[in-house]
Amino acid sequence: MRRIGILGGTFDPPHLAHLAAAEAARQDLDLDEVWFVPAGAPPHKRARRVSPKRVRLALLRAALAGTRGFRTRVDEVERRGTSYTVDTLERLNGAHPDVEWWLVIGTDMLADLPNWRRPERVLELAGVAAVPRPGFAARWPRRLRRRRFRVVDMPELSISSTDLRARARRGASIRYLVPLGVERLIRRRKLYGAHSGGKRA
């Protein structure tokens with residue numbers, strides 16, 4: 001049976017902490033692959049405007065170019081309506097019944113897990129691999145029955161897409177915080193208000 005990790009998010013933009021988390025989970029859980037699943041219409045991001053799907057997908061593909069063991073999935077991007085993890089896992093389990101799924105999430109999201117749509121069903125469909133995030137302990141939510149759960153062995157990396165967008169907007173460097181292909185794409189398309197020249201976007 002294959003073991004595959006699922007790393008979801010808006011990836012607006014994707015950064016090196018995303019890749020580090022995926023690689024640490026891949027090694028720690030002996031996963032065959034990690035699939036990156038960009039959200040179409042994420043329910044927890046309704047308060048702010050998210051970049052268009054095609055832009056985020058292009059950024060993610062640039063981030064994963066040349067990597068091994070990582071794959072981009074467009075299940076949620078191509079689906080209409082709000083993106084819920086349980087729906088994605090139901091579809092993946094139906095299409096790949098021979099796969100053991102692991103959901104790779106930050107410890108900051110772990111505490112919010114009981115508020116997800118049908119969280120108990122999510123836990124039936126996939127194990128949870130929690131990636132350390134600064135300021136958030138890896139505690140299992142008491143309201144949920146504990147099933148397959150692993151805390152991924154990796155250092156806490158304090159990189160956020162919110163900060164990266166702000167840095168790009170004011171012309172500050174994001175080099176070594178995002179893959180080179182992502183930096184170039186942001187600068188070339190002037191995403192997030194970035195400059196095409198001058199300071200490195």
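This is a predicted model: local features need pLDDT of at least 70, side-chain atom pairs count only at pLDDT 80 or more; totals for chains, interfaces and linings use all residues.

Two strands count as paired if DSSP finds at least two bridges between them.

Colour the strands first: six of them form an open sheet in the order S3-S2-S1-S4-S5-S6, and the pairing is parallel. Strand S3 (70-72) and S6 stand at the edges with a single partner strand each, so that one side of each has no neighbour in the sheet. If you look along the sheet, neighbouring strands are turned against each other by 25 degrees on average, with direction ignored. Strands of a sheet pair through backbone hydrogen bonds, in either a parallel or an antiparallel way.

**Strand S5 and its two partners**

Select strand S5, residues 127-131, next. Is this strand buried or exposed? Five of its five residues are buried, so S5 is largely enclosed by the rest of the structure. With the side chains shown, Gly 127, Ala 129 and Val 131 point one way from S5, whereas Val 128 and Ala 130 point the other way, and all are buried.

**Trp 101 in strand S4**

Move to Trp 101, which is placed in strand S4. Trp 101 has a relative accessible area of 1%, and because buried means under 20%, this residue counts as buried. What is Trp 101 in contact with, once its neighbours within four places in sequence are left aside? The contacts of Trp 101 are Ile 4, Ile 6, Trp 35, Leu 92, Asn 93, His 96, Leu 125, Ala 126, Gly 127 and Arg 148. For a sense of scale, select Pro 38 as well: Trp 101 and Pro 38 are 63 residues apart in sequence, and their C-alpha atoms are 17 Å apart in space.

**The S2 and S3 side, and two helices**

Turn to the other end of the strand order and select strand S2 (residues 33-38), which three bridges join to S3, the two running parallel. Here Val 34 has Phe 70 in S3 as its bridge partner. Helix H2 (residues 53-64) packs on the sheet and touches S2 and S3, with a direction that makes about 160 degrees with that of S3. Helix H4 can be shown next; H4 lies across S1, S2 and S4, and runs at about 160 degrees to S4.

**Rings and the charges over them**

Phe 70 leads on to the aromatic residues, as Phe 11, Phe 36 and Phe 70 form one aromatic cluster. For a charge placed over a ring, select Arg 117 and Tyr 84: the charged end of Arg 117 sits over the Tyr 84 ring, 3.9 Å from its centre. A further case is Arg 148, which lies over the face of Trp 102 at 5.4 Å from the ring centre.

**Salt bridges**

Side chains of opposite charge can pair when their charged atoms come close, and a search of the whole structure finds 13 salt bridges. Begin with Glu 100 and Arg 3, whose side chains meet in a salt bridge with an N to O distance of 2.9 Å. This pair links distant parts of the chain, with Glu 100 in strand S4 (residues 99-106) and Arg 3 in strand S1 (residues 2-9), 97 residues apart. Glu 100 is partly exposed at a relative accessible area of 23%, and Arg 3 also counts as partly exposed, at 22%.

The last stop is Glu 90 with Arg 121, whose side chains form a salt bridge of 2.8 Å, N to O. Glu 90 lies in helix H4 (residues 85-95) and Arg 121 in helix H6 (residues 119-125), so the pair ties together parts that are 31 residues apart in sequence. Arg 121 also has a salt bridge with Glu 124, where the closest N and O atoms are 2.8 Å apart; these two residues, three apart in helix H6, are separated by about one helical turn. To finish, select Glu 90, Arg 118, Arg 121, Glu 124 and Arg 147 together, as they are linked in a network of salt bridges.

Key:
Residues are numbered from 1 along each chain as its sequence is written. Side-chain values use heavy atoms; hydrogens and water are left out. A salt bridge is a side-chain nitrogen of Lys or Arg within 4 Å of a carboxyl oxygen of Asp or Glu. Helices (H or I, at least four residues) and strands (E, at least two) are DSSP runs, numbered from the N terminus. Buried means under 20% relative accessible area, exposed over 50%, partly exposed in between (1.4 Å probe, protein chains only). Contact means heavy atoms within 4.5 Å. Rings of Phe, Tyr and Trp (its six-membered ring) pair if their centres lie within 6.5 Å; planes under 30 degrees apart count as stacked, over 60 as edge-to-face and the rest as tilted. A charge sits over a ring if NZ of Lys or CZ of Arg is within 6 Å of the ring centre and within 35 degrees of the ring normal. Axes are lines fitted to C-alpha atoms, for helices over the stretch in contact, and angles run from 0 to 180 degrees between N-to-C directions.
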